[in-house]
Amino acid sequence: MAYTRGRCSNFDYCSLADARRDIEVLVGEDFVCPECGKPLRAPPVQASRGGVARPLLIGGGMLVLVGGAVFLGMRMGGAPPSPSAPAMMAAKAPAAPQPAPPGAPGTASPGTTAVPPAASVLAHLAASDSLGAQLVPSLAAAYLAQNGDTGVKTEPGAAAGEARVAGQRGDQHESILVESSNAAAGFKLLGTGGADAVFAARRILPAEKDSLASLGDLTTPAAEHVIALDGLAIIVNPDNRVSSLTKDQIRGLFTGTIGDWSTLGGPAGPVNVYALDPQSDIGGVFSSMALSGAPLSPSAKPLPNGRLVSQAVSADPHGIGVVDLANILQAHALPIGDTGSNPVSPTNPAAIASEDYPLTYRVYLYTSPKAAGGIGQRLVDFAASANGQAIIEQQGLVSPTAKPAAPAAAATPPAPAASTPTDRLKQIVQGAKKLAVDFRFTPNSSGLDLKGSRDIDRVTNYLLSMHYTGQHLILVGFADNQGNPDANIAVSKKRADALAVMFAQRGLSPAKVVGFGADLPLADNATEDGRQKNRRVEVYILP
């Protein structure tokens with residue numbers, strides 16, 4: 001039987017790669033590592049005693065000419081282009097290569113220097129356009145650097161919207177490909193094997209989840225990871241006198257039912273709407289969260305990215321726009337309130353981290369449940385690490401990592417009786433700091449939602465690292481207004497008690513657990529999204 005030889009380049013993750021020895025593969029079989037399944041590369045060319053490379057196979061004259069042509073093309077045009085998204089699947093399982101003839105790329109000819117081998121592609125990542133431009137390449141570059149790569153750089157890929165993050169470890173050139181499009185395209189690539197992970201500005205849709213059932217359930221903790229939080233900022237010209245908006249007013253401004261700023265106390269004049277493409281992921285999130293799916297005003301000016309929206313609004317005294325947090329720039333971001341709640345500014349990171357800001361959204365990283373332990377999971381672990389979270393914050397997003405949200409309240413003598421819900425809450429948490437994490441629950445249960453199931457460990461680790469005990473911990477539960485007041489208080493206390501049990505199982509038994517009912521809502525109880533935000537447990541830390 002005939003064999004061909006190759007070497008695995010999956011260093012640090014495969015013992016055969018670390019051994020740096022040739023692997024024999026039966027001709028006709030997949031040319032992949034038998035241990036880790038990664039594609040093999042041709043072994044280094046061995047030189048004769050005279051310093052001249054010993055050819056492994058003598059080809060015909062035509063093969064030599066083809067090899068020379070390819071070599072010349074590389075010298076004139078640079079490295080070969082990276083594969084486009086449709087070719088990603090083919091790149092996963094290449095056919096076994098035949099030994100290269102003298103003069104072909106990567107081999108040495110008498111009196112010449114061998115051309116460096118093409119970079120080994122460690123991962124293919126798909127991303128929402130708002131994430132693929134900066135965040136994902138930055139995470140990929142930091143990941144390579146942490147794993148020992150030098151000379152890490154990001155450069156355009158072969159296809160539109162593609163970036164190649166490349167580095168070198170030892171004599172091995174390796175890269176990570178990032179394709180920016182939208183979440184829908186990313187999930188399709190994940191399903192075909194063309195992507196190892198998907199960074200999405202929205203949660204996977206039920207139909208997308210069903211179409212990828214062969215990979216497993218993509219809404220389980222093994223596949224769905226909240227790596228950051230972001231917010232949609234409603235921006236106006238710095239000279240605009242409007243101080244805040246409600247979600248109802250936002251809907252009116254962006255759909256055209258409010259057409260003049262004087263209606264809201266601003267300067268008289270038409271409302272000029274600048275918006276992101278509704279087909280983009282962030283445009284879709286805005287439509288769902290703020291417009292209830294209603295179309296934009298016919299006079300709205302769609303722009304391709306948040307930076308352009310911000311620049312247009314800053315130059316237009318009558319302009320209004322929506323951008324992600326990183327693209328507020330010189331515009332003025334308005335505090336936003338919901339029915340029954342006080343306005344909250346998007347520039348307050350604690351309000352984003354706790355999801356108290358009404359237009360907060362989660363940033364997801366999806367991996368296949370069947371690829372546990374692969375490159376996708378290693379990227380998840382890196383994104384959740386201190387280094388990964390630092391990159392996330394540098395890119396203008398908010399880390400879900402627990403930290404205090406506000407300074408301790410001033411100690412004042414307790415009032416004889418609390419006259420308002422706010423006064424009652426101040427008495428309960430007097431002198432304490434609120435953590436920038438609110439725990440939320442799956443509907444009709446005391447079970448934490450996906451983010452909460454991870455936040456419980458984040459908060460525990462933070463408290464223990466700061467040498468807090470359970471006696472420093474106060475939990476305050478809240479409910480929506482769907483039941484009678486007594487029932488709402490009971491439900492909110494039940495959820496707070498459930499969270500207290502989880503902390504106790506981790507060595508922190510809270511000093512105080514309170515149910516506050518439906519008072520102090522964060523959002524409009526008339527909508528399911530608003531009720532979901534209001535069903536929460538807040539965490540306070542005593543000094």
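Some ground rules. The model is predicted, and local features need pLDDT of at least 70, side-chain atom pairs count only at pLDDT 80 or more, while totals for chains, interfaces and linings use all residues. Residues are numbered from 1 along each chain as its sequence is written, and side-chain values use heavy atoms, with hydrogens and water left out.

First, the overall picture. The protein has 17 helices and 19 strands; these are DSSP runs, H or I of at least four residues for helices and E of at least two for strands, numbered from the N terminus. Of its 543 residues, 47% are buried, meaning under 20% relative accessible area with a 1.4 Å probe, protein chains only. Contact here means heavy atoms within 4.5 Å. Among contacts between residues at least 6 apart in sequence, 69% join residues at least 24 apart.

Now the helix pair. Helix α5, residues 135–146, packs with helix α13, residues 386–394, at an angle of about 150°, and the axes are 10 Å apart. Axes are lines fitted to C-alpha atoms over the stretch in contact, and angles run from 0 to 180 degrees between N-to-C directions. The two helices are therefore roughly antiparallel, a label for angles over 145 degrees. On the α5 side, the contact is made by Leu135, Ser138, Leu139, Ala142 and Gln146, and α13 supplies Asn387, Gly388, Ile391 and Ile392. By class, that contact has five nonpolar, four polar and no charged residues; Ala, Val, Leu, Ile, Met, Phe, Trp, Tyr, Cys and Pro count as nonpolar, Asp, Glu, Lys and Arg as charged, and the others, Gly among them, as polar.

On to the rings. How many aromatic pairs does a search of the whole structure find? Six, where rings of Phe, Tyr and Trp (its six-membered ring) pair if their centres lie within 6.5 Å, with planes under 30 degrees apart stacked, over 60 edge-to-face and the rest tilted.

Tyr364 and Tyr366 form a stacked pair, 5.7 Å centre to centre with 25° between the planes. Both tyrosines, Tyr364 and Tyr366, are buried. Together with Phe187 they form one aromatic cluster.

Phe439 and Phe503 have ring centres 6.1 Å apart and planes at 85°, so this pair is edge-to-face. The pair links distant parts of the chain, 64 residues apart: Phe439 sits in strand β16, residues 433–440, and Phe503 in helix α16, residues 485–505. Phe439 is buried at a relative accessible area of 0%, and Phe503 is buried, its value being 0%.

Definitions and conventions: Parallel < 35°, antiparallel > 145°, perpendicular 65-115°, else oblique. Buried < 20%, exposed > 50% of the residue type's maximum accessible area, 1.4 Å probe, protein only.
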